[in-house]
Amino acid sequence: MTSSNAKRIPEWSTAEHVPAEELARRQGVRPVASVDDLARPDLFESDDELDEFLADLYTSRRAGAA
């Protein structure tokens, strides 16, 4: 016999289905008009930080391909 104090997760079938377009409307999400809208020039504090991120990214991608 097993017991658990974990709360039961509701069934997905009881959740309201909302189309993606409606969710976007409710959240005020708009389509990307330009790639420039996605640019974050201040994302990395320095070129060294960006270089470290890219090196780690490339390493993790190569590890997944092995």
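Predicted model: local features only at pLDDT ≥ 70, side-chain atom pairs only at ≥ 80, totals over all residues.

Q: How many residues of helix 1 are buried?
A: The count is 0 among its 8 residues, so helix 1 (residues 20–27) is hardly covered.

Q: And what share of the protein is buried?
A: Of its 66 residues, 2% count as buried.

Q: Switching to charges. How many salt bridges?
A: The count is 3. Glu16 pairs with Arg26 at 3.7 Å, N to O. Glu16 is in the segment before helix 1 and Arg26 is in helix 1, so this pair ties together parts 10 residues apart in sequence.

Q: Which partners does Glu22 have?
A: Glu22 meets Arg25 at 2.6 Å and Arg26 at 3.0 Å. Glu22 and Arg26 are both in helix 1, 4 residues apart, about one turn of the helix. Through shared partners, Glu16, Glu22, Arg25 and Arg26 form one network of salt bridges.

Q: Is Arg25 buried or exposed?
A: Arg25 is exposed, at 54% relative accessible area. Glu22 is partly exposed, at 24%.

Q: Where does negative charge gather?
A: In a surface patch of Glu45, Asp47, Asp48, Glu49, Asp51 and Glu52. Glu49 sits in helix 2 (residues 47–65) and is partly exposed, at 34% relative accessibility.

Conventions: Residues numbered from 1 in each chain as written. Heavy atoms only, no water. Buried < 20%, exposed > 50% of the residue type's maximum accessible area, 1.4 Å probe, protein only. Helix = DSSP H or I, 4+ residues; strand = E, 2+ residues; numbered from the N terminus. Patch = residues over 30% accessible without salt bridge, like charges linked within 9 Å, V, L, I, M, F, W, Y side chains within 5 Å. Areas by Shrake-Rupley, 256 points an atom, 1.4 Å probe, with all protein chains shown as cover. Salt bridge = Lys/Arg side-chain N within 4 Å of Asp/Glu carboxyl O. Lys, Arg positive; Asp, Glu negative; His and termini not counted. Charge placed at Lys NZ, Arg CZ, Asp CG, Glu CD.
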